[in-house]
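The sequence and structure are shown first.

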Amino acid sequence: MSLTLPTPAPGIDEVLTPDAQKFLAELQRKFNPTRKKLLAARGERSKKSAGGEAFAFFPETQKVRDDDSWKVAATPADLQDRRVEITGPAEPKMVINALNSGARCFMADFEDSLSPRWDNLIDGQIVLSKAIRRELSFTSPEGKAYNLKDKTAVLLVRPRGWHLEERHATLDGEPMSGSLFDFGLYFFRNAAELLKRGSGPYFYLPKMEHYLEARLWNDVFTFAQEYCGVPHGSIRATCLIETLPGAYQMDEYLYELRDHSAGLNAGRWDYIFSAIKKTSFRKDLTLPDRGMITMTVPFMRAYTELLVKTCHRRGAHAMGGMSAFIPSRRDKEVNDRAMAQVEADKKREANDGFDGTWVAHPDLVPIATKQFDDVLGERPNQKEKMRSEVDVKASQISDLAIPGGKVSEAGFRMNVSVALQYIEAWYRGNGAVAIFNLMEDAATAEISRAQLWQWVHRGAKLDDGRVVDRAMYETIRDEELAKLGGREKGRFADAATLLDELVLSEEFGEFLTLPAYERLEKK
């Protein structure tokens, strides 16, 4: 039985050929039952945490962590130097600009920075296939032409996380896994071509919460390579450590994927969101303004230092976090201040032992590159920096206290405005949105709505002494909506409805993209 598909999108016959559909069906039937079991297990673990079970390293995998003998597979030649990676949605203009940016690598995103409309997903697959074959060009509505340079960044792709489904493609009455859909189509269409061109099918794996989820990916990779006649180990995947549970399982992720591993990445924004989500049961905890949760606060410092140590011990790349700043062409003072912060952030990462880092805008590539050039010189990476002095305890990862932290009205308003603007744009099909000189995606929007929920339900006190409550939220929401043009503009009415549900519900919603997806293509 083949997939059931909706009304065709442009290019659908090119992408979802009968052979491609057959491969997707094989993936779904073979691996979706395990995916569903693993997602159910997430809920059971969350209940245990709420019941008082402390976050900790797993006793059953102690042998994996203690064993010094194993390493991940050797890194392919074109992934040895990853000192700066740029990321963005799989859209034609973005893909061309990113590949031309001077960054060593580009992560094309089907997850947090791509609104999963059916046309976006199909077009994204076409765009990446054309880019690989150097057939991609784009002309803007203003008539500006974009073409690929002779030398371009190495391409990596991020499929959606295990929790997301693709409702446009169903099999046996069930929607496909979004992860398997994105991975399967890209791999099936491009793996052989990438290998022929001296590269390979390289991926980023998001939002995992357990090493068995990494094992599932490894099983998918092994099956896909055999099915398509691609040599075992051709796939390389970098795991994003962007959940609080994942920070306790870095060795395990690398071990499960050791034939296919390309390292770990400190996914800072989702990690902050996960820290709030996974401790949402704590009535004694409120985190300060989003801007105060920096990479130098104790719990963020602990997890990033552990990441570098773990990766280098296993011969894997340690990739730093995203700088989401978007340069300002209008305000030199804002721009200079932000660029100095980016420079300091990347200098810290390079000196800490990271092998590379992420940026969201081409203008940041030279700044980030210089900081890594100063440390790496001609070396492609610094895996020899073992960080043996690092000794992170389990409690340091989950202790979210931030000395001197505060909640301000300005921070509250920013969270409301960011969440409204992002959700509204996402509903209109845009998953990467420049707001207040930052590139916001689903991860950063999740932080904003999560903090609002935490502050409202835990009665956070503002720095002026006022206590946050529902009435304050509703007043500020209406004021910020008015600044944006009101509910009648675009899809702000829908955005406000969803934000109210997420902030005011007694239960903390797992992901904003789950209820948002049900309303995405509302006309």
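Phe 31 and Phe 223 are both buried in this model, which is a predicted one. The count of aromatic pairs comes to 25.

Phe 57 is in the loop between α2 and α3 (62-66), and Tyr 248 is in the loop between β9 (236-241) and α8 (250-256), so the contact ties together parts 191 residues apart in sequence. How do the two partners stand in exposure? Phe 57 counts as partly exposed because its relative accessibility is 25%, and the limit for a buried residue is under 20%. Tyr 248, at 2% relative accessibility, therefore counts as buried.

Ring pairs also build a cluster, which links Trp 162, Phe 183, Tyr 186, Phe 187, Phe 203, Trp 217 and Phe 221.

Two arginines lie over aromatic rings. The charged end of Arg 258 sits over the ring of Tyr 255, at 3.9 Å from its centre. Arg 268 lies over the face of Trp 269, with 5.9 Å to the ring centre.

The largest share, 8 residues, comes from α11. By class, the lining of the largest pocket divides into 17 nonpolar, 9 polar and 7 charged residues.

The second largest pocket is lined by 34 residues, and the closest to its centre are Gly 88, Pro 89, Ala 360, Ala 432 and Met 439. At least two lining residues each come from β1 (84-89), α4 (92-99), α9, β13 (433-435), β14 and α15 (442-457). Helix α4 gives the most to this lining, with 4 residues. The classes in the lining of the second largest pocket are 16 nonpolar, 8 polar and 10 charged residues.

Strand β1 also takes part in strand pairing. β1 and β12 run parallel and are joined by 3 bridges; the bridge partner of Glu 85 in β12 is Trp 358. β11 pairs with β12 as well, in the parallel sense and over 3 bridges, and Ser 323 stands opposite Val 359 in β12.

In a regular strand the side chains alternate between the two faces of the sheet. Strand β12 (residues 356-359) has Gly 356 and Trp 358 pointing one way and Thr 357 and Val 359 the other way, and all are buried.

Beyond its pockets, how many cavities of 30 Å³ or more does the structure hold? There are 2 of them.

| Space | Volume |
|---|---|
| Largest pocket | about 910 Å³ |
| Second largest pocket | about 640 Å³ |
| Largest cavity | about 140 Å³ |
| Second largest cavity | about 40 Å³ |

The largest cavity is lined by 15 residues, and those nearest its centre are Pro 116, Arg 160, Leu 164, Trp 426 and Thr 513. Helix α18 (residues 513-518) provides the largest share of this lining, 3 residues. By class, the lining of the largest cavity holds 8 nonpolar, 2 polar and 5 charged residues.

Lys 207, Glu 242, Thr 243, Asp 270, Phe 273, Ser 274, Lys 277 and Phe 511 line the second largest cavity. The classes in this lining are 2 nonpolar, 2 polar and 4 charged residues.

Definitions and conventions. Residues numbered from 1 in each chain as written. Predicted model: local features only at pLDDT ≥ 70, side-chain atom pairs only at ≥ 80, totals over all residues. Heavy atoms only, no water. Phe/Tyr/Trp six-rings, centres within 6.5 Å; stacked < 30°, edge-to-face > 60°. Buried < 20%, exposed > 50% of the residue type's maximum accessible area, 1.4 Å probe, protein only. Lys NZ or Arg CZ within 6 Å of the ring centre and 35° of its normal. 1 Å grid on protein atoms, 1.4 Å probe; cavity = no way out; pocket = protein on both sides within 12 Å on 5 of 7 lines; lining within 4 Å. Points joined across faces, edges and corners; volume = space filled by probe spheres on them. Nonpolar A, V, L, I, M, F, W, Y, C, P; charged D, E, K, R; others polar. Pairing = 2+ DSSP bridges.
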